[in-house]
Amino acid sequence: MAITIILAGPRGRMGSEAVKMVENESDFKLVACIDRKYDGKQLKDIEGLPDLSVPVFQDIEKCFQQVNADIFIDLTVPEVGYYHTKTAIENNIRPVVGTTGFTDEQIVELSQLAETKKTGCIIAPNFAIGAVLMMKFSEMAAKYLPDVEIIEKHHDRKLDAPSGTAKKTAELIMKTRETRKQGHPDEKETIHGSRGAEMDGMRIHSVRLPGLVAHQEVIFGSSGQTLSIKHDSLNRESFMEGIKVSIYKVMDMKELAYGLENIL
Ligand code: NAP
């Protein structure tokens, strides 16, 4: 029997790619979409999307009352994505969330709710398998090369900075690296922000430019050598394999997993 899916954000760059992925996977069936501009219409009424008679709702609660589904995919913005994810778990519909920018408190709350409701949930700031490997390799390298800075580069329509992937990379590095401050102990910024954001003494630099998709370089320095671990997502197809794997995986889960590396 097909895995039934409700998707929020079908007109977005990630969402439209995910609609195609779901349509092309014979085990998946798209049963409804959440979109604030096409309430009461069908997916086929939205220009550029597949010719499917799938109902579109603005109100997620109304959608869940009328349409039953196994999975809820969110590819929107954190302001609504958090409420969508919470509502999905409350309705025992397993969320697979690519939306970035949730706070640590929100992740903890969702995690507790998923545990109470015994409902699987996957939230991943980066669904590209290569990016997960970049994070893992960085975690390994930090044990031996603890001086590290992160440069993340994204398209200029991205709303949150630093990226969820950069924060997640820093968190993984923190597991193997002793806290230390990068740069000279007496360094001073002559222009505010020139040394980037700081996490546990590490610096994170965020570049936003048109033409970019999602790119990150983790640079380790040591006397006489540097090591760069770099990943580039060249288009949004790069995230679809991770979403597909997550849909199959979350069907057998009863708790929340944060980060694709925890389910691979
Ligand atoms: P996008 O092209 O801007 O699409 C965002 C979608 O969300 C649009 O359909 C937009 O509809 C909808 N939306 C925005 N505000 C809304 C609201 N208040 N209520 C309901 N819908 C709303 O962005 P994108 O590049 O597809 O990215 C979507 C999300 O995925 C972002 O959070 C991004 O950071 C994240 N992302 C995650 C990964 C990953 O691997 N996890 C990779 C890339 C991106 P309107 O047109 O009406 O605004």
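Rings of Phe, Tyr and Trp (its six-membered ring) form a pair if their centres lie within 6.5 Å; planes under 30 degrees apart count as stacked, over 60 as edge-to-face and the rest as tilted. By this rule there are three aromatic pairs. One of them joins Phe28 and Tyr248, which are tilted, at 5.1 Å centre to centre and 40° between the planes.

The model is predicted: local features need pLDDT of at least 70, side-chain atom pairs count only at pLDDT 80 or more, and totals for chains, interfaces and linings use all residues. Residues are numbered from 1 along each chain as its sequence is written, and side-chain values use heavy atoms, without hydrogens and water.

The ligand is surrounded by 21 residues (a heavy atom within 4 Å). The closest are Arg11, Met14, Arg36, Thr100 and Phe127. By class, the shell holds eight nonpolar, seven polar and six charged residues.

| Residue (backbone atom) | Ligand atom | Distance |
|---|---|---|
| Gly12 | oxygen | 3.2 Å |
| Thr76 | oxygen | 3.1 Å |
| Pro125 | nitrogen | 3.2 Å |

On its own the ligand has 930 Å² of accessible area (Shrake-Rupley method, 1.4 Å probe), and the protein covers 80% of it.

Methods:
A polar contact is a pair of N or O atoms within 3.5 Å; within protein, one must be able to donate a hydrogen and the other to accept it, and residues adjacent in sequence count only if both atoms are side-chain atoms. Ala, Val, Leu, Ile, Met, Phe, Trp, Tyr, Cys and Pro count as nonpolar, Asp, Glu, Lys and Arg as charged, and the others, Gly among them, as polar.
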